[in-house]
Amino acid sequence: MKSLRSLIRQSVLILMAGLLLVFSGLIYAGGDALLRRFVDGRLLGLAETLAKIVEQHPNIIESSGEDRALAAEVSRSEKEQHGLQEVTHSLMVFSPDGRVVWKGPEAVAQHPVPDDTVFERVRHGNTVFETVESADGTPIRHLFLPIPRQGQVRYVLHAEASMLLYRETLKALLILLTAGSGTILLVAWIGSGWLAKKVLTPIEVLSTSAETMSEADLGKRLTLDSPYQEFRRLTQAFNSVMDRFQRSGESQRSFCDIAAHEMKTPLTILQGNLEVALLKARTSEEYREALINNLEQVGRLIALTRSLLTLAKFTSGKPPVHLVPLALEPMIQDMVEELTLLADDRRITLSFESQSVPPVLGDAQWLKQALINLLDNALHYTPSGGAVTVRLQAVGEGVAVAVEDTGHGIEPEHLPHLFERFYRTDWARAKDAGGTGLGLPIVKEIAEAHGGTISVTSQVDKGSVFTLRLPVSTHLTIPA
Ligand code: ADP
(Lines give C-alpha, C1' and ligand atoms only; values in the text may rest on other atoms or scores of the structure.)
Protein backbone atom coordinates (compact mmCIF):
# COMPACT_ATOMS: atom_id res chain seq x y z
CA MET A 1 0.00 0.00 0.00
CA LYS A 2 1.32 3.43 -0.92
CA SER A 3 2.26 5.80 1.89
CA LEU A 4 1.16 9.42 1.75
CA ARG A 5 4.23 10.40 3.76
CA SER A 6 6.67 9.09 1.14
CA LEU A 7 4.47 10.52 -1.64
CA ILE A 8 4.72 14.01 -0.10
CA ARG A 9 8.49 13.69 0.40
CA GLN A 10 9.13 12.30 -3.07
CA SER A 11 6.90 14.90 -4.73
CA VAL A 12 8.63 17.78 -2.95
CA LEU A 13 12.03 16.36 -3.82
CA ILE A 14 11.20 15.74 -7.48
CA LEU A 15 9.64 19.19 -7.82
CA MET A 16 12.57 20.92 -6.19
CA ALA A 17 15.12 18.91 -8.21
CA GLY A 18 13.30 19.80 -11.42
CA LEU A 19 13.11 23.48 -10.54
CA LEU A 20 16.75 23.59 -9.48
CA LEU A 21 17.83 21.86 -12.67
CA VAL A 22 15.99 24.36 -14.83
CA PHE A 23 17.14 27.30 -12.71
CA SER A 24 20.80 26.15 -12.64
CA GLY A 25 20.73 25.43 -16.37
CA LEU A 26 19.47 28.94 -17.09
CA ILE A 27 22.05 30.54 -14.77
CA TYR A 28 24.85 28.47 -16.31
CA ALA A 29 23.78 29.21 -19.89
CA GLY A 30 23.35 32.91 -19.06
CA GLY A 31 26.77 33.04 -17.34
CA ASP A 32 28.39 31.30 -20.30
CA ALA A 33 26.84 33.74 -22.80
CA LEU A 34 27.76 36.79 -20.71
CA LEU A 35 31.38 35.70 -20.21
CA ARG A 36 31.74 34.89 -23.91
CA ARG A 37 30.35 38.30 -24.83
CA PHE A 38 32.75 39.89 -22.38
CA VAL A 39 35.81 38.10 -23.81
CA ASP A 40 34.72 38.72 -27.42
CA GLY A 41 33.92 42.37 -26.68
CA ARG A 42 37.34 43.04 -25.21
CA LEU A 43 39.09 41.17 -28.04
CA LEU A 44 37.14 43.05 -30.68
CA GLY A 45 37.78 46.39 -28.97
CA LEU A 46 41.51 45.82 -29.06
CA ALA A 47 41.50 44.47 -32.60
CA GLU A 48 39.47 47.38 -33.90
CA THR A 49 41.87 49.89 -32.29
CA LEU A 50 44.82 48.19 -33.92
CA ALA A 51 43.02 47.86 -37.21
CA LYS A 52 42.49 51.63 -37.17
CA ILE A 53 46.19 52.25 -36.53
CA VAL A 54 47.16 49.96 -39.40
CA GLU A 55 44.60 51.59 -41.64
CA GLN A 56 45.93 55.05 -40.84
CA HIS A 57 49.65 54.06 -40.96
CA PRO A 58 49.95 51.18 -43.41
CA ASN A 59 53.71 51.83 -43.73
CA ILE A 60 54.09 50.54 -40.14
CA ILE A 61 53.47 47.06 -41.55
CA GLU A 62 55.08 47.54 -44.91
CA SER A 63 58.41 49.13 -43.78
CA SER A 64 60.71 46.60 -42.16
CA GLY A 65 62.12 47.17 -38.72
CA GLU A 66 59.11 49.13 -37.73
CA ASP A 67 57.74 46.34 -35.53
CA ARG A 68 58.69 48.19 -32.45
CA ALA A 69 56.73 51.27 -33.52
CA LEU A 70 53.58 49.14 -33.89
CA ALA A 71 54.40 47.31 -30.68
CA ALA A 72 54.65 50.67 -28.91
CA GLU A 73 51.31 51.71 -30.37
CA VAL A 74 49.90 48.34 -29.36
CA SER A 75 51.09 48.56 -25.80
CA ARG A 76 49.67 52.08 -25.57
CA SER A 77 46.33 50.86 -26.84
CA GLU A 78 46.51 47.87 -24.55
CA LYS A 79 46.88 50.13 -21.56
CA GLU A 80 43.94 52.11 -22.79
CA GLN A 81 42.00 48.86 -22.82
CA HIS A 82 42.53 48.37 -19.08
CA GLY A 83 44.49 45.22 -18.45
CA LEU A 84 44.02 43.63 -21.80
CA GLN A 85 47.37 41.96 -21.37
CA GLU A 86 45.80 39.50 -19.04
CA VAL A 87 43.71 38.16 -21.84
CA THR A 88 45.72 38.99 -24.92
CA HIS A 89 48.24 36.45 -25.99
CA SER A 90 49.26 37.57 -29.36
CA LEU A 91 48.61 39.83 -32.27
CA MET A 92 49.46 39.05 -35.86
CA VAL A 93 48.78 40.56 -39.21
CA PHE A 94 48.26 38.33 -42.23
CA SER A 95 48.04 39.15 -45.88
CA PRO A 96 44.62 38.19 -47.37
CA ASP A 97 46.19 35.02 -48.83
CA GLY A 98 47.34 33.86 -45.36
CA ARG A 99 50.99 34.94 -45.17
CA VAL A 100 52.19 36.35 -41.86
CA VAL A 101 53.25 39.92 -42.53
CA TRP A 102 53.72 41.06 -38.96
CA LYS A 103 53.96 39.43 -35.54
CA GLY A 104 53.47 41.17 -32.26
CA PRO A 105 56.04 40.78 -29.46
CA GLU A 106 53.85 38.24 -27.60
CA ALA A 107 52.83 36.24 -30.65
CA VAL A 108 53.08 32.51 -30.13
CA ALA A 109 55.97 31.05 -32.11
CA GLN A 110 54.22 27.91 -33.40
CA HIS A 111 50.95 29.47 -33.95
CA PRO A 112 48.54 27.20 -35.85
CA VAL A 113 47.99 28.62 -39.26
CA PRO A 114 44.26 29.42 -39.68
CA ASP A 115 42.57 27.32 -42.32
CA ASP A 116 41.50 28.59 -45.72
CA THR A 117 37.83 28.78 -44.87
CA VAL A 118 38.58 31.39 -42.20
CA PHE A 119 40.51 33.55 -44.70
CA GLU A 120 37.81 33.01 -47.27
CA ARG A 121 35.21 34.42 -44.86
CA VAL A 122 37.46 37.31 -43.80
CA ARG A 123 38.23 38.15 -47.45
CA HIS A 124 34.49 38.64 -47.87
CA GLY A 125 34.64 41.30 -45.17
CA ASN A 126 33.42 39.13 -42.26
CA THR A 127 34.82 39.30 -38.75
CA VAL A 128 35.41 35.71 -37.61
CA PHE A 129 35.55 34.40 -34.01
CA GLU A 130 36.80 30.89 -33.30
CA THR A 131 37.63 28.91 -30.18
CA VAL A 132 40.48 26.43 -30.48
CA GLU A 133 42.09 24.37 -27.76
CA SER A 134 45.82 24.93 -27.35
CA ALA A 135 48.30 22.09 -26.87
CA ASP A 136 47.98 22.33 -23.05
CA GLY A 137 44.19 22.13 -23.31
CA THR A 138 43.52 25.82 -22.65
CA PRO A 139 40.74 27.19 -24.85
CA ILE A 140 41.92 30.15 -26.91
CA ARG A 141 39.57 32.61 -28.52
CA HIS A 142 40.71 33.77 -31.97
CA LEU A 143 39.53 36.84 -33.78
CA PHE A 144 40.15 37.53 -37.47
CA LEU A 145 39.33 41.07 -38.49
CA PRO A 146 39.58 42.38 -42.06
CA ILE A 147 41.53 45.66 -42.50
CA PRO A 148 40.24 47.28 -45.68
CA ARG A 149 41.94 49.72 -47.96
CA GLN A 150 40.28 51.27 -51.02
CA GLY A 151 37.35 48.92 -50.78
CA GLN A 152 39.54 45.79 -50.67
CA VAL A 153 40.65 43.64 -47.75
CA ARG A 154 44.32 44.60 -47.43
CA TYR A 155 45.28 42.77 -44.23
CA VAL A 156 43.75 40.31 -41.81
CA LEU A 157 44.33 41.21 -38.22
CA HIS A 158 44.47 38.23 -35.89
CA ALA A 159 44.10 38.64 -32.13
CA GLU A 160 43.76 35.87 -29.59
CA ALA A 161 42.94 35.69 -25.93
CA SER A 162 43.14 32.92 -23.41
CA MET A 163 39.79 31.73 -22.14
CA LEU A 164 41.31 30.20 -19.04
CA LEU A 165 39.69 32.79 -16.83
CA TYR A 166 36.38 32.22 -18.62
CA ARG A 167 36.65 28.48 -18.13
CA GLU A 168 37.68 28.82 -14.48
CA THR A 169 34.79 31.19 -13.83
CA LEU A 170 32.29 28.80 -15.42
CA LYS A 171 33.76 25.91 -13.43
CA ALA A 172 33.38 27.93 -10.22
CA LEU A 173 29.80 28.81 -11.20
CA LEU A 174 29.05 25.13 -11.80
CA ILE A 175 30.48 24.14 -8.42
CA LEU A 176 28.49 26.92 -6.76
CA LEU A 177 25.27 25.86 -8.46
CA THR A 178 25.82 22.18 -7.66
CA ALA A 179 26.65 22.84 -4.02
CA GLY A 180 23.75 25.29 -3.70
CA SER A 181 21.31 22.86 -5.33
CA GLY A 182 22.53 20.00 -3.12
CA THR A 183 22.03 22.11 0.00
CA ILE A 184 18.55 23.20 -1.14
CA LEU A 185 17.60 19.57 -1.88
CA LEU A 186 18.82 18.49 1.55
CA VAL A 187 16.77 21.26 3.19
CA ALA A 188 13.77 20.30 1.00
CA TRP A 189 14.10 16.63 2.05
CA ILE A 190 14.24 17.53 5.74
CA GLY A 191 11.48 20.16 5.29
CA SER A 192 9.21 17.75 3.43
CA GLY A 193 9.62 15.23 6.28
CA TRP A 194 8.58 17.92 8.75
CA LEU A 195 5.67 18.96 6.52
CA ALA A 196 4.51 15.36 6.05
CA LYS A 197 4.62 14.84 9.81
CA LYS A 198 2.68 18.05 10.42
CA VAL A 199 0.04 17.08 7.85
CA LEU A 200 -0.26 13.42 8.73
CA THR A 201 -0.08 13.44 12.51
CA PRO A 202 -3.68 14.74 12.94
CA ILE A 203 -4.88 12.19 10.38
CA GLU A 204 -3.07 9.43 12.29
CA VAL A 205 -4.63 10.64 15.55
CA LEU A 206 -8.08 10.55 13.90
CA SER A 207 -7.46 7.09 12.40
CA THR A 208 -6.29 5.68 15.73
CA SER A 209 -9.32 7.13 17.54
CA ALA A 210 -11.65 5.82 14.82
CA GLU A 211 -10.01 2.37 14.85
CA THR A 212 -10.34 2.01 18.60
CA MET A 213 -14.03 2.96 18.59
CA SER A 214 -16.39 0.09 19.16
CA GLU A 215 -20.15 -0.17 18.76
CA ALA A 216 -20.53 0.71 22.42
CA ASP A 217 -18.66 3.98 21.76
CA LEU A 218 -21.19 5.31 19.24
CA GLY A 219 -21.87 8.21 21.62
CA LYS A 220 -18.19 9.20 21.68
CA ARG A 221 -16.86 11.92 19.41
CA LEU A 222 -13.39 12.59 18.06
CA THR A 223 -11.56 15.57 19.49
CA LEU A 224 -8.62 17.00 17.62
CA ASP A 225 -6.79 20.02 18.87
CA SER A 226 -5.63 21.35 15.52
CA PRO A 227 -5.50 25.01 14.52
CA TYR A 228 -6.02 24.10 10.87
CA GLN A 229 -9.50 24.48 9.44
CA GLU A 230 -9.13 21.45 7.14
CA PHE A 231 -8.58 19.12 10.10
CA ARG A 232 -11.38 20.77 12.04
CA ARG A 233 -13.66 20.14 9.05
CA LEU A 234 -12.50 16.53 8.81
CA THR A 235 -13.18 16.02 12.52
CA GLN A 236 -16.59 17.67 12.22
CA ALA A 237 -17.43 15.57 9.16
CA PHE A 238 -16.41 12.39 10.96
CA ASN A 239 -18.40 13.37 14.03
CA SER A 240 -21.48 14.23 12.00
CA VAL A 241 -21.24 10.78 10.32
CA MET A 242 -21.08 9.35 13.84
CA ASP A 243 -24.15 11.44 14.78
CA ARG A 244 -26.02 9.98 11.85
CA PHE A 245 -24.88 6.45 12.73
CA GLN A 246 -25.95 6.98 16.30
CA ARG A 247 -29.33 8.36 15.28
CA SER A 248 -29.89 5.58 12.79
CA GLY A 249 -28.74 3.00 15.36
CA GLU A 250 -31.08 4.46 17.95
CA SER A 251 -34.03 4.61 15.56
CA GLN A 252 -33.26 1.03 14.49
CA ARG A 253 -33.19 -0.03 18.13
CA SER A 254 -36.38 1.82 18.99
CA PHE A 255 -38.01 0.43 15.84
CA CYS A 256 -37.10 -3.10 16.95
CA ASP A 257 -38.27 -2.37 20.51
CA ILE A 258 -41.61 -1.05 19.31
CA ALA A 259 -42.00 -3.83 16.74
CA ALA A 260 -41.30 -6.45 19.41
CA HIS A 261 -43.72 -4.71 21.74
CA GLU A 262 -46.42 -4.54 19.06
CA MET A 263 -45.96 -8.24 18.42
CA LYS A 264 -45.88 -9.10 22.06
CA THR A 265 -49.42 -7.79 22.68
CA PRO A 266 -51.26 -10.16 20.30
CA LEU A 267 -48.92 -13.02 21.25
CA THR A 268 -49.65 -12.47 24.95
CA ILE A 269 -53.38 -12.39 24.23
CA LEU A 270 -53.02 -15.56 22.17
CA GLN A 271 -51.12 -17.30 24.95
CA GLY A 272 -53.66 -16.12 27.58
CA ASN A 273 -56.58 -17.32 25.49
CA LEU A 274 -54.98 -20.70 24.94
CA GLU A 275 -54.09 -21.11 28.62
CA VAL A 276 -57.64 -20.16 29.72
CA ALA A 277 -59.12 -22.53 27.12
CA LEU A 278 -56.96 -25.38 28.40
CA LEU A 279 -57.63 -24.77 32.10
CA LYS A 280 -60.64 -27.03 32.08
CA ALA A 281 -62.85 -28.93 29.68
CA ARG A 282 -64.90 -26.50 27.53
CA THR A 283 -67.97 -26.78 25.44
CA SER A 284 -67.46 -26.75 21.70
CA GLU A 285 -69.09 -23.28 21.64
CA GLU A 286 -66.49 -21.99 24.14
CA TYR A 287 -63.63 -23.52 22.10
CA ARG A 288 -65.05 -21.91 18.99
CA GLU A 289 -65.16 -18.52 20.70
CA ALA A 290 -61.56 -18.91 21.92
CA LEU A 291 -60.44 -19.89 18.41
CA ILE A 292 -62.20 -16.91 16.82
CA ASN A 293 -60.53 -14.62 19.33
CA ASN A 294 -57.16 -16.20 18.58
CA LEU A 295 -57.74 -15.96 14.85
CA GLU A 296 -58.23 -12.21 15.29
CA GLN A 297 -54.86 -11.95 17.05
CA VAL A 298 -53.19 -14.06 14.37
CA GLY A 299 -54.72 -11.74 11.75
CA ARG A 300 -53.26 -8.78 13.60
CA LEU A 301 -49.85 -10.45 13.72
CA ILE A 302 -50.00 -11.21 10.01
CA ALA A 303 -50.97 -7.60 9.22
CA LEU A 304 -48.10 -6.34 11.35
CA THR A 305 -45.60 -8.73 9.77
CA ARG A 306 -46.82 -7.83 6.28
CA SER A 307 -46.40 -4.11 6.99
CA LEU A 308 -42.94 -4.67 8.46
CA LEU A 309 -41.91 -6.68 5.40
CA THR A 310 -43.25 -3.94 3.12
CA LEU A 311 -41.26 -1.28 4.98
CA ALA A 312 -38.15 -3.46 4.89
CA LYS A 313 -38.44 -3.62 1.08
CA PHE A 314 -38.34 0.17 0.87
CA THR A 315 -35.59 0.74 3.40
CA SER A 316 -33.08 -1.83 2.18
CA GLY A 317 -31.44 -0.37 -0.91
CA LYS A 318 -33.37 0.34 -4.09
CA PRO A 319 -37.16 0.84 -3.70
CA PRO A 320 -39.06 -2.08 -5.28
CA VAL A 321 -41.05 0.13 -7.69
CA HIS A 322 -41.26 -0.49 -11.42
CA LEU A 323 -42.26 2.81 -13.00
CA VAL A 324 -44.28 2.99 -16.20
CA PRO A 325 -46.55 5.73 -17.61
CA LEU A 326 -49.78 5.32 -15.69
CA ALA A 327 -53.25 6.86 -16.06
CA LEU A 328 -54.50 7.39 -12.51
CA GLU A 329 -58.16 8.10 -13.24
CA PRO A 330 -59.33 4.58 -14.26
CA MET A 331 -57.23 3.02 -11.54
CA ILE A 332 -58.79 5.17 -8.79
CA GLN A 333 -62.27 4.74 -10.32
CA ASP A 334 -61.92 0.94 -10.01
CA MET A 335 -60.69 1.17 -6.42
CA VAL A 336 -63.53 3.47 -5.38
CA GLU A 337 -66.03 1.09 -6.96
CA GLU A 338 -64.47 -1.85 -5.10
CA LEU A 339 -64.67 -0.03 -1.76
CA THR A 340 -68.18 1.33 -2.23
CA LEU A 341 -69.71 -1.81 -0.70
CA LEU A 342 -67.58 -1.45 2.41
CA ALA A 343 -68.43 2.28 2.65
CA ASP A 344 -72.13 1.54 2.22
CA ASP A 345 -71.85 -1.03 4.93
CA ARG A 346 -70.56 1.66 7.25
CA ARG A 347 -73.08 4.12 5.89
CA ILE A 348 -70.38 6.44 4.56
CA THR A 349 -70.73 8.19 1.23
CA LEU A 350 -67.69 7.42 -0.91
CA SER A 351 -67.26 9.53 -4.05
CA PHE A 352 -64.64 10.29 -6.69
CA GLU A 353 -64.15 13.70 -8.33
CA SER A 354 -61.74 13.83 -11.18
CA GLN A 355 -60.16 16.38 -13.48
CA SER A 356 -58.43 15.38 -16.64
CA VAL A 357 -54.78 14.90 -15.61
CA PRO A 358 -51.67 13.82 -17.49
CA PRO A 359 -50.29 10.33 -16.81
CA VAL A 360 -47.70 9.86 -14.09
CA LEU A 361 -44.74 7.48 -14.09
CA GLY A 362 -45.88 5.06 -11.48
CA ASP A 363 -46.08 1.53 -10.21
CA ALA A 364 -49.79 0.63 -10.20
CA GLN A 365 -49.43 -2.03 -7.51
CA TRP A 366 -47.67 0.29 -5.02
CA LEU A 367 -49.84 3.33 -5.79
CA LYS A 368 -52.92 1.17 -5.18
CA GLN A 369 -51.41 0.07 -1.86
CA ALA A 370 -50.86 3.74 -0.85
CA LEU A 371 -54.41 4.73 -1.78
CA ILE A 372 -55.88 1.69 0.00
CA ASN A 373 -54.02 2.71 3.18
CA LEU A 374 -55.38 6.28 2.92
CA LEU A 375 -58.94 5.17 2.06
CA ASP A 376 -58.88 2.49 4.74
CA ASN A 377 -57.96 5.13 7.36
CA ALA A 378 -60.54 7.59 6.03
CA LEU A 379 -63.32 4.96 6.19
CA HIS A 380 -62.06 3.72 9.53
CA TYR A 381 -61.86 7.10 11.26
CA THR A 382 -65.07 8.55 9.79
CA PRO A 383 -68.31 7.85 11.67
CA SER A 384 -71.53 6.62 10.02
CA GLY A 385 -73.27 9.28 8.01
CA GLY A 386 -69.98 10.90 7.06
CA ALA A 387 -68.41 11.24 3.63
CA VAL A 388 -65.12 10.31 2.04
CA THR A 389 -64.17 12.00 -1.21
CA VAL A 390 -61.25 11.21 -3.49
CA ARG A 391 -60.19 14.15 -5.67
CA LEU A 392 -57.83 13.85 -8.59
CA GLN A 393 -56.49 17.11 -9.95
CA ALA A 394 -53.54 18.67 -11.73
CA VAL A 395 -51.49 20.84 -9.40
CA GLY A 396 -48.60 22.85 -10.81
CA GLU A 397 -46.33 20.44 -12.66
CA GLY A 398 -47.76 17.40 -10.88
CA VAL A 399 -50.86 15.47 -10.09
CA ALA A 400 -52.52 15.43 -6.66
CA VAL A 401 -54.76 12.71 -5.25
CA ALA A 402 -56.53 14.01 -2.14
CA VAL A 403 -58.43 11.69 0.21
CA GLU A 404 -60.82 13.86 2.19
CA ASP A 405 -63.01 12.72 5.06
CA THR A 406 -65.50 14.25 7.48
CA GLY A 407 -64.22 12.20 10.40
CA HIS A 408 -62.89 12.88 13.84
CA GLY A 409 -59.92 14.87 12.58
CA ILE A 410 -56.44 14.94 14.10
CA GLU A 411 -55.13 17.27 16.83
CA PRO A 412 -52.43 19.66 15.52
CA GLU A 413 -49.72 18.29 17.85
CA HIS A 414 -49.98 14.86 16.21
CA LEU A 415 -49.72 16.07 12.63
CA PRO A 416 -45.87 16.28 12.43
CA HIS A 417 -45.54 12.68 13.74
CA LEU A 418 -48.23 10.91 11.72
CA PHE A 419 -45.74 9.49 9.19
CA GLU A 420 -43.40 8.10 11.85
CA ARG A 421 -43.39 4.34 12.29
CA PHE A 422 -45.86 2.97 14.87
CA TYR A 423 -47.19 6.44 15.61
CA ARG A 424 -50.86 6.40 16.55
CA THR A 425 -52.91 9.10 18.25
CA ASP A 426 -54.24 8.30 21.72
CA TRP A 427 -57.75 8.67 20.37
CA ALA A 428 -57.08 6.05 17.70
CA ARG A 429 -55.49 3.71 20.25
CA ALA A 430 -58.48 4.12 22.52
CA LYS A 431 -60.91 3.61 19.64
CA ASP A 432 -59.50 0.28 18.57
CA ALA A 433 -56.43 -1.83 19.13
CA GLY A 434 -56.38 -3.15 15.58
CA GLY A 435 -54.16 -0.54 13.88
CA THR A 436 -50.45 -0.97 13.40
CA GLY A 437 -49.26 2.61 13.04
CA LEU A 438 -47.42 1.52 9.88
CA GLY A 439 -49.99 2.40 7.21
CA LEU A 440 -48.97 6.06 6.78
CA PRO A 441 -45.18 5.39 6.92
CA ILE A 442 -45.71 2.92 4.06
CA VAL A 443 -47.62 5.61 2.09
CA LYS A 444 -44.69 7.99 2.67
CA GLU A 445 -42.14 5.44 1.40
CA ILE A 446 -44.24 4.75 -1.71
CA ALA A 447 -44.69 8.49 -2.41
CA GLU A 448 -40.96 9.16 -2.09
CA ALA A 449 -40.07 6.17 -4.27
CA HIS A 450 -42.19 7.84 -6.98
CA GLY A 451 -40.47 11.20 -6.47
CA GLY A 452 -43.62 12.51 -4.81
CA THR A 453 -44.82 13.64 -1.38
CA ILE A 454 -47.60 12.97 1.10
CA SER A 455 -49.05 15.69 3.32
CA VAL A 456 -51.96 16.12 5.68
CA THR A 457 -54.23 18.90 6.87
CA SER A 458 -56.85 18.30 9.51
CA GLN A 459 -59.38 20.00 11.75
CA VAL A 460 -60.67 18.31 14.86
CA ASP A 461 -64.35 17.30 14.49
CA LYS A 462 -64.36 18.43 10.84
CA GLY A 463 -62.17 15.95 9.10
CA SER A 464 -58.79 15.37 7.46
CA VAL A 465 -57.31 15.64 3.98
CA PHE A 466 -54.37 13.44 3.01
CA THR A 467 -52.79 14.58 -0.28
CA LEU A 468 -50.50 12.41 -2.35
CA ARG A 469 -48.58 14.50 -4.91
CA LEU A 470 -46.88 12.79 -7.84
CA PRO A 471 -44.84 14.38 -10.61
CA VAL A 472 -46.10 13.85 -14.14
CA SER A 473 -44.02 11.54 -16.29
CA THR A 474 -41.99 14.31 -18.06
CA HIS A 475 -41.02 16.08 -14.79
CA LEU A 476 -40.11 13.05 -12.78
CA THR A 477 -36.79 12.85 -10.98
CA ILE A 478 -36.60 9.72 -8.90
CA PRO A 479 -34.59 10.14 -5.70
CA ALA A 480 -31.33 8.18 -5.62
P1 ADP B 1 -53.17 2.85 11.81
O2 ADP B 1 -54.26 3.47 11.06
O3 ADP B 1 -52.97 1.43 11.51
O4 ADP B 1 -53.17 3.16 13.24
P5 ADP B 1 -51.58 4.61 10.24
O6 ADP B 1 -50.15 4.76 10.09
O7 ADP B 1 -52.36 4.37 9.02
O8 ADP B 1 -51.81 3.50 11.32
O9 ADP B 1 -52.13 5.91 10.94
C10 ADP B 1 -51.47 6.46 12.03
C11 ADP B 1 -52.40 7.25 12.89
O12 ADP B 1 -52.84 8.41 12.20
C13 ADP B 1 -53.67 6.53 13.24
O14 ADP B 1 -53.50 5.73 14.35
C15 ADP B 1 -54.61 7.68 13.50
O16 ADP B 1 -54.40 8.14 14.81
C17 ADP B 1 -54.15 8.76 12.56
N18 ADP B 1 -54.96 8.81 11.33
C19 ADP B 1 -54.66 8.34 10.13
N20 ADP B 1 -55.60 8.63 9.21
C21 ADP B 1 -56.56 9.32 9.86
C22 ADP B 1 -57.81 9.89 9.50
N23 ADP B 1 -58.27 9.83 8.23
N24 ADP B 1 -58.52 10.52 10.43
C25 ADP B 1 -58.07 10.61 11.69
N26 ADP B 1 -56.88 10.08 12.12
C27 ADP B 1 -56.15 9.44 11.23
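**Exercise 1. The largest pocket**

Task: Determine which domains each give at least three residues to the lining of the largest pocket, then describe that lining.

Solution. Step 1: At least three lining residues come from each of domain 2 (229-314) and domain 3 (324-475); the domain bounds come from an automatic or database assignment. The model is predicted, so local features need pLDDT of at least 70 and side-chain atom pairs pLDDT 80 or more, whereas totals for chains, interfaces and linings use all residues. Residues are numbered from 1 along each chain, and side-chain values use heavy atoms, without hydrogens or water.

Step 1: The largest pocket holds about 950 Å³ of space. (On a 1 Å grid over the protein atoms alone, a pocket is an open set of points with protein on both sides within 12 Å along at least five of seven lines, a cavity is a set where a 1.4 Å probe fits but cannot get out, and lining residues have an atom within 4 Å of a point.) Its lining has 39 residues, and Asp 376, Asn 377, Gly 435, Thr 436 and Gly 439 are the closest to the pocket centre.

Step 2: At least two lining residues come from each of α7 (284-315), α9 (364-380), α10 (426-431), α11 (439-449) and β12 (463-471). (Helices have at least four residues and strands at least two in DSSP.) The greatest contribution, nine residues, is that of α9.

Step 3: By class, 15 lining residues of this pocket are nonpolar, 16 are polar and eight are charged; Gly counts as polar.

**Exercise 2. The second largest pocket**

Solution. Step 1: The space in the second largest pocket is about 320 Å³. Among its lining residues are Ser 251, Phe 255, Leu 308, Thr 315, Arg 421 and Glu 445.

Step 1: The largest share of this lining is five residues from α6, a helix that spans 229-279. Helix α7 also supplies at least two residues.

**Exercise 3. The cavity**

Task: State how many cavities of 30 Å³ or more are counted, and name the lining of the largest cavity.

Solution. Step 1: The count is one. The largest cavity has a volume of about 40 Å³.

Step 1: Glu 262, Pro 266, Arg 300, Leu 304, Gly 435 and Thr 436 line the largest cavity. Both α6 and α7 contribute at least two of its lining residues.

Step 2: Two of these residues are nonpolar, two are polar and two are charged.

**Exercise 4. The ligand**

Task: Identify the residues closest to the ligand, and state how much of the ligand the protein buries.

Solution. Step 1: The ligand is surrounded by 19 residues (a heavy atom within 4 Å), of which the closest are Asn 377, Asp 405, Arg 424, Thr 425 and Leu 440.

Step 1: An oxygen atom of the ligand lies 2.9 Å from a backbone N or O atom of Thr 436. For Gly 437, a backbone N or O atom is 3.2 Å from a ligand oxygen. A polar backbone atom of Leu 440 is 2.8 Å from an oxygen atom of the ligand.

Step 2: The ligand taken alone exposes 530 Å², and the protein buries 96% of that (Shrake-Rupley method, 1.4 Å probe).

Conventions
Points joined across faces, edges and corners; volume = space filled by probe spheres on them. Polar contact = N/O pair within 3.5 Å; in protein donor to acceptor, adjacent residues only side chain to side chain.
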